[in-house]
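Subject: Structure handover

Hello,

Please find the structure below, with notes on its packing after it.

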Amino acid sequence: MMHEHPNPIHCILPPHILDSIKMRGDEKMKKMAERTEKLADKTRSQREAAAPEKAFLGTPTISGPTAPVVTREVYNGGRRVGLPGKLVRAEGDPPSRDKTVNKVYDLTGKVFDFYLGAFKRNSIDGQGMTIISTVHHRRKFNNAFWNGSQMVFGDGDGMLFKSFTDLSVIGHELSHGVVQYSGGLMYKDQSGALNESFADVFGVMTVQYASKQTASEANWLVGEDIFGPEVEGEALRSLKAPGLAYSDDILGKDPQPFHMDLYVNTSSDYGGVHINSGIPNHAFYLMAQYLGGYSWEKAGQIWYQAMQKLNNPMATFADWADMTVQTAWDMFGQGSFEMMMTRRAWRLVGIHL
Amino acid sequence: MKENEKRPTQLFMRTTGGMGVTLEGSVDIESLPDDLARQVEANLTPTKLSRVARRKTALYMPGQQEYEITIPAGAQKSPKRYAFTDQQADPELLDILDELTSIIIQEKIRARRARQQQQEAMQAETEQMALEEEHAPLETPPAMPIFGQKENEEPPVVNDSTKS
């Protein structure tokens, strides 16, 4: 019997990378991408047919005597579209002359420390993956994103946005990678909003961990330092008060709801992924307040372990809420204070279990 | 551009996704710098935009931006709307969209400053009027005409018999 041995690189390449190669590469690369895509489809079908149900395994946690070390690479995008750009600072290199490069280098280290210290997770994939960042992406680009394999930061236009290299934003973007390597959540509708919410929750926890703030001391803001001088608002989002982070005549009003009664049905923003994430965000905030102390010690553990076990890329808010309550039960016991408070937090945002 | 495609003079642009902030505004193509106007005319045509919008997208790229470009199509036709993401667009198109976004933001900020100046001017005028009113000398109110008295007529002499 003939066996195919697909090139392992082909199997690793995510679909959007192939799309980018097809779109932006030369003819040879386009053909390679098309061939890879066909092969990947075939391999995926074979894998799905062979895999038993619930075959998903959570990300391994650290064990053994050797402490994991961070590996970072920061690139300069040169205000162009192409990624990753020119490597400016690799792990262990002396500081660059570019302050943004150094800031991202330092802050990605803090996010690595947070995941390792609080959750024993070795980098984005749990296996020591190199943390790649590109700064100075595009011209006056008002965005930061995770593209499936690296983080990308624009410089902002200087008026509405002055920078995207805020610790909560870097924690947010890197957490999209954690979601991806924890089974993933489709970036659309409620599962997309859960993806955004997980990134927000772990983004604010990164800040709290770095400054050793308790749940009651923290401000629970995402993107506190990114707005430029022309914006009326304190941050991009607030987990404490969704809908009240900003109100500006150019950006409009923060559209986040805090309760299911205010859920926004929309086709834009991938089905309101940045809007309805306010609901699970607020549930986490409430739970962290009830449980007290440092958010990553109990509330964060419940959220993190629930993500490792979820195994449902199309999860709804109710699925996720159910998983967090189940996880609290597993971790702290049936009828425990932690489990009851997790359920109560969900009830207060309109999700009854 | 195809020969039968009329050059648009204006377009409407809306950006969503990204960090979750929506930004929208219209762009008057004729008022753009020449070089940018040429690039817009060459790249933001219905043919090219519909090709971009049809491109297959990947499933996972959290935080990428979505663009909606609406091009008016004359009085009798409905406007054409094209929606696509960062991943679907060519680098050249993304450069143009970044420039247009920046122009929309600058225009909005200019409009806001103009509104603020107008409000400040009105506020200053109101305060000035209040100040003037406060310091104006008290005027003797004009004498009220007596009922039945004609204009320019001396008031009638009241015959007070008690004085005699």
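How near do the axes of helix α9 and helix α10 of chain A come, and at what angle do they cross? The axes of α9 (residues 299-309) and α10 (residues 317-332) of chain A come within 9 Å and cross at roughly 110°.

Before the rest, some conventions. This is a predicted model, in which local features need pLDDT of at least 70 and side-chain atom pairs count only at pLDDT 80 or more, while totals for chains, interfaces and linings use all residues. Residues are numbered from 1 along each chain as its sequence is written, with chains lettered from A and ligands numbered from 1 in the order in which they are written. Helices (H or I, at least four residues) and strands (E, at least two) are DSSP runs, numbered from the N terminus. Axes are lines fitted to C-alpha atoms, for helices over the stretch in contact, and angles run from 0 to 180 degrees between N-to-C directions.

Helix pairs in chain A

From α9(A), Q301(A), I302(A), W303(A), Q305(A), A306(A) and K309(A) meet M323(A), T324(A), T327(A), A328(A) and M331(A) of α10(A). Contact is taken as C-beta atoms, placed from the backbone, within 7 Å. The residues of this contact divide into six nonpolar, four polar and one charged. Ala, Val, Leu, Ile, Met, Phe, Trp, Tyr, Cys and Pro count as nonpolar, Asp, Glu, Lys and Arg as charged, and the others, Gly among them, as polar.

A second pair is α8 (residues 278-291) and α11 (residues 337-348) of chain A, with axes that come within 8 Å and cross at roughly 145°. This crossing of α8(A) and α11(A) is also right-handed. Among the residues in contact are L286(A) and Y290(A) of α8(A) and M341(A) and W346(A) of α11(A). The contact of α8(A) with α11(A) has nine nonpolar, one polar and two charged residues.

Domains of chain A

Chain A is assigned domain 1 (72-180) and domain 2 (189-348), with bounds from an automatic or database domain assignment. Their centres, taken over C-alpha atoms, are 22 Å apart. The contact takes 24 residues from domain 1 and 27 residues from domain 2 of chain A. On the domain 1 side, α4 (99-119) and α5 (167-180) of chain A give two or more residues, and α5(A) gives the most, with nine residues.

Sheet of chain B

Chain B has an open sheet of four strands in the order β2-β1-β3-β4, with antiparallel pairing (strands pair if DSSP finds at least two bridges between them). The edge strands are β2 (23-28) and β4 (80-85) of chain B, and the twist averages 20° from one strand to the next. Six bridges join β1 (residues 10-17) to β3 (residues 65-71) of chain B. R14(B) stands opposite E68(B) in β3(B). Helix α2 (residues 46-54) of chain B packs on the sheet, touching β3 and β4 of chain B. Helix α3 (residues 91-135) of chain B also packs on the sheet, touching β1, β2 and β3 of chain B.

Between the chains

Chain B brings 29 residues into contact with 40 residues of chain A. The largest share of the chain B side, nine residues, comes from α3(B).

Regards

How values were computed: Two residues are in contact if their C-beta atoms, placed from the backbone, lie within 7 Å. A crossing is left-handed if the near helix is turned anticlockwise from the far one by less than a right angle, and right-handed if clockwise.
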